[in-house]
Amino acid sequence: MAQPDNQSKRFFESLSGAGKSIAVLTSGGDAQGMNAAVRAVVRMGIYVGAKVYFIREGYQGMVDGGEENIKEASWESVSSMLQMGGTVIGSARCKEFRSHEGRLKAAHNLVQRGITNLCVIGGDGSLTGANLFREEWSGLLEELVQQGLIDEDAVQKYSALHIVGMVGSIDNDFCGTDMTIGTDSMPPEDGWEEKMCQKLSANRAGMKRLNIIIVAEGAIDCNNKPITTDHVKDLVVRCLGFDTRVTILGHVQRGGTPSAFDRILASRMGVEAVIALLETTANTPACVVSLCGNQAVRLPLMECVQMTQEVQKAMDEKKFEEAVKLRGRSFENNLKTYKLLAHRKLESELPHSNFNIAVLNVGAPAAGMNAAVRSAVRVGISEGHKMFAVNDGFEGFYKGQIKEIKWADVGGWTGQGGSLLGTKRTLPAKYVEKIAEQMRAHNINALLVIGGFEAYLGLMELLEARGKYDEFCVPMVMVPATVSNNVPGSDLSIGADTALNAITDTCDRIKQSASGTKRRVFIIETMGGYCGYLASVGGLAAGADAAYIYEEPFDIRDLQSNVEHLTEKMKGAIQRGLVLRNENSNENYTTDFIYQLYSEEGRGVFDCRKNVLGHMQQGGAPSPFDRNFGTKISAKAMLWLTKKMNETFRQGRVFANTEDTCCLLGMRRRALVFQPVVQLKDETDFVHRIPKEQWWLKLRPLMKILAKYKTSYDVSDSGQLEHVVRNIRPKESDPSGAM
Ligand code: ADP
């Protein structure tokens with residue numbers, strides 16, 4: 001990846017918020033991560049020298065005005081906010097804001113406080129309202145002058161209203177909640193009731209005891225008639241007599257603590273939003289900040305609103321296919337994958353490819369590996385292949401632990417942690433002859449390896465072995481799965497999100513254990529080998545004061561300044577500190593050493609506790625993100641294998657001996673890309689088992705900013721204004737890889 005040179009780098013120090021006032025509000029329904037976003041906007045805003053205000057209860061507070069509703073925020077007022085669900089500042093719906101009168105009152109209240117920068121965290125409705133407000137702004141000010149409420153000076157001074165909207169991920173790939181049946185996934189065809197019952201009874205006949213039906217809030221049928229849970233329940237009870245329970249997820253979805261993913265996303269977006277506000281000029285349109293894949297982007301607010309209106313219009317006109325298309329390619333693909341994996345095809349409907357594919361897990365277990373295997377098996381079978389499961393990685397492979405795996409064998413795997421196939425760290429080089437024998441015996445035509453750094457090394461060894469054994473001249477692909485997130489060629493790996501959640505959960509609990517106890521600093525050791533991802537990003541999600549990692553060397557002066565920072569912090573309202581340390585961050589400054597140093601230096605001011613998190617970071621049920629990510633990435637890998645097998649099928653056999661038939665499928669910024677493993681060699685630090693360049697290092701200053709350190713934050717990578725993309729059919733070779 002080309003790095004911008006220092007001259008073209010933009011540092012946010014050049015963006016000053018001095019003299020500016022920014023107000024932040026949450027509106028519409030409350031979503032996970034809203035608090036993290038508010039916290040980030042407040043702290044980043046204060047950091048750059050702006051005055052920041054909370055607006056309570058969404059637009060209602062803006063319309064009502066008053067000290068309580070529009071309140072200046074302080075650094076401390078957002079502490080302990082990260083781990084809370086819902087929205088702390090309230091997000092009532094507001095009828096008045098829909099009227100001109102309401103917006104006139106709101107404008108008056110903002111002008112009185114000198115606020116001309118607004119950050120709106122909310123959904124489509126809230127953004128539509130924001131857009132309208134901005135369009136009307138100068139007219140509203142004129143009216144206020146006419147009514148004698150403000151003077152001409154104020155009109156001059158506050159002539160422009162800057163608005164930035166904030167939405168979660170525009171790319172449904174990564175928000176983790178898009179796989180539901182309902183409004184978004186389009187209405188079922190006429191006769192869906194009978195079909196559903198047929199499917200349920202077929203499932204029962206096949207010994208499946210439990211069926212889960214998800215009905216989205218707002219689900220409708222082809223005639224725009226609502227489908228309610230009660231209707232579905234009645235149907236099942238009446239037609240099938242099954243014992244049926246209804247659970248409304250609404251509050252479960254919105255209540256609990258936000259996941260690490262939500263917090264990081266929201267923190268990044270909050271900081272992005274402030275940068276976008278500071279960069280706004282009279283000529284730039286109001287924008288929405290969002291994340292596409294792993295890349296921050298800005299989209300014109302107008303275009304987003306328009307798109308939503310078009311989707312709504314298509315829905316109203318019952319043009320459901322068009323609506324799916326408008327929602328974007330990724331959404332359409334998700335829907336396809338979901339349908340493919342959930343609905344078993346009849347044996348007679350399946351194509352027959354005569355290809356056999358083996359799938360194995362390599363390295364340490366990571367949550368989401370099973371979801372990836374399930375998806376691979378089912379996609380493979382749907383493509384007409386015979387799927388083979390290998391137990392215990394390359395070790396099991398050479399010992400002959402391989403057998404065919406069927407559709408039903410992987411039922412229920414998505415939600416299970418660890419590796420059901422079994423996984424080992426063993427590398428294949430020593431056993432290539434025996435592995436080749438197994439490949440031959442089962443006529444394996446392609447290989448899918450799901451694992452971490454060992455999987456990557458292993459694949460390179462098999463590539464080497466092609467020279468000696470034709471058996472390895474078949475398409476091979478790996479998808480990264482490791483809690484450490486240290487695989488070259490991919491920004492993220494399956495399992496890292498679950499591990500981050502475990503870390504942030506634990507940190508939340510540890511922090512909580514100290515409430516009531518005064519002045520305490522916790523030192524927490526995380527896993528990751530030499531990779532500081534978990535410590536850094538976990539630190540960001542948990543609101544840590546420092547995170548020590550190998551990639552960013554630290555010395556005694558850094559330790560000293562961290563201790564001083566904490567001593568200073570203890571004088572204020574927040575009397576707890578949290579410090580994360582990667583297990584291999586420094587040979588001599590061990591966790592014990594740091595604990596003792598902090599204890600000694602903090603004597604009389606704070607006391608210390610230490611905690612080594614250990615293997616809990618590898619276990620647990622996969623997070624929704626890891627389930628989805630595992631499912632999608634491995635489905636994509638399988639489609640690629642099919643394609644490569646067909647391409648290399650000559651004279652009755654698959655023969656693939658070029659480098660580009662041995663790939664790693666990874667997420668790079670916003671795309672899923674296939675990269676020949678040999679080409680990743682240059683990007684790899686083999687000694688420390690990490691990529692030479694790691695994107696998340698750029699997030700470290702955010703943690704420091706949000707913990708009130710003076711630091712320098714490179715914003716050259718922050719979102720540039722782009723446009724809403726209409727859904728155009730993807731070309732086969734399309735690298736954007738939305739899946
Ligand atoms: P969401 O933002 O989650 O889509 P709503 O549609 O309920 O939620 O919108 C939240 C608030 O945004 C509304 O209560 C209203 O104050 C404001 N709003 C929504 N649509 C409009 C509109 N067309 N014009 C003005 N304000 C609107």
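## Overall make-up

The protein chain holds 22 helices and 23 strands, taken as DSSP runs numbered from the N terminus (H or I over at least four residues for helices, E over at least two for strands). This is a predicted model, where local features need pLDDT of at least 70 and side-chain atom pairs count only at pLDDT 80 or more, while totals for chains, interfaces and linings use all residues. Residues are numbered from 1 along each chain as its sequence is written, and side-chain values use heavy atoms, leaving out hydrogens and water.

Of the 739 residues in the protein chain, 56% are buried, meaning under 20% relative accessible area, with exposed set at over 50% and partly exposed in between (1.4 Å probe, protein chains only). The chain exposes about 31900 Å², and 50% of that comes from carbon and sulfur atoms. Among contacts with a separation of 6 or more, 80% join residues 24 or more positions apart; a contact here means heavy atoms within 4.5 Å.

## Helices α13 and α21

Let's turn to some helix pairs. Two packed helices are described by the angle between their axes and the distance between the axes. Helix α13 (residues 369-382) packs on helix α21 (residues 624-647) at an angle of about 35°, with the axes 7 Å apart. Axes are lines fitted to C-alpha atoms, for helices over the stretch in contact, and angles run from 0 to 180 degrees between N-to-C directions.

From α13, the contact draws on Ala371, Ala372, Ser375, Ala376, Val379 and Gly380, and from α21 on Arg627, Gly630, Thr631, Ser634, Ala635, Met638 and Leu639. By class these are seven nonpolar, five polar and one charged, where Ala, Val, Leu, Ile, Met, Phe, Trp, Tyr, Cys and Pro count as nonpolar, Asp, Glu, Lys and Arg as charged, and the others, Gly among them, as polar.

## Asp626, a buried residue of α21

Helix α21 also carries Asp626, which counts as buried because its relative accessibility is 0%. The C-alpha atoms of Asp626 and Gly368 are 5.1 Å apart, although 258 residues separate the two along the chain.

Leaving aside neighbours within four places in sequence, Asp626 is in contact with Ala367 and Gly368, and also with Ser493, Ile494, Gly495, Ala496, Asp497 and Thr498.

## Helices α4 and α10

The axes of helix α4 (residues 124-146) and helix α10 (residues 301-316) come within 10 Å and cross at roughly 130°. That angle is why α4 is oblique to α10; under 35 degrees counts as roughly parallel, over 145 as roughly antiparallel, 65 to 115 as roughly perpendicular and the rest as oblique.

On the α4 side, Asp124, Leu127, Thr128, Asn131 and Glu135 make the contact, and on the α10 side Leu301, Met302, Val305, Thr308 and Gln309. These residues divide into four nonpolar, four polar and two charged.

## Helices α9 and α18

With axes 8 Å apart, helix α9 (residues 260-279) and helix α18 (residues 533-542) pack at about 80°, and are therefore roughly perpendicular to each other. Ala260, Arg263 and Ile264 of α9 meet Val537, Leu540, Ala541 and Ala542 of α18. The contact has six nonpolar residues, no polar ones and one charged.

## His688 in a loop

Finally, a loop residue: His688 sits between β22 (684-685) and β23 (690-691). It counts as buried because its relative accessibility is 18%. Setting aside neighbours within four places in sequence, His688 is in contact with Tyr530 and Tyr550.

Technical notes. Accessible areas come from the Shrake-Rupley method with a 1.4 Å probe; for residues, only the protein chains shown count as cover.
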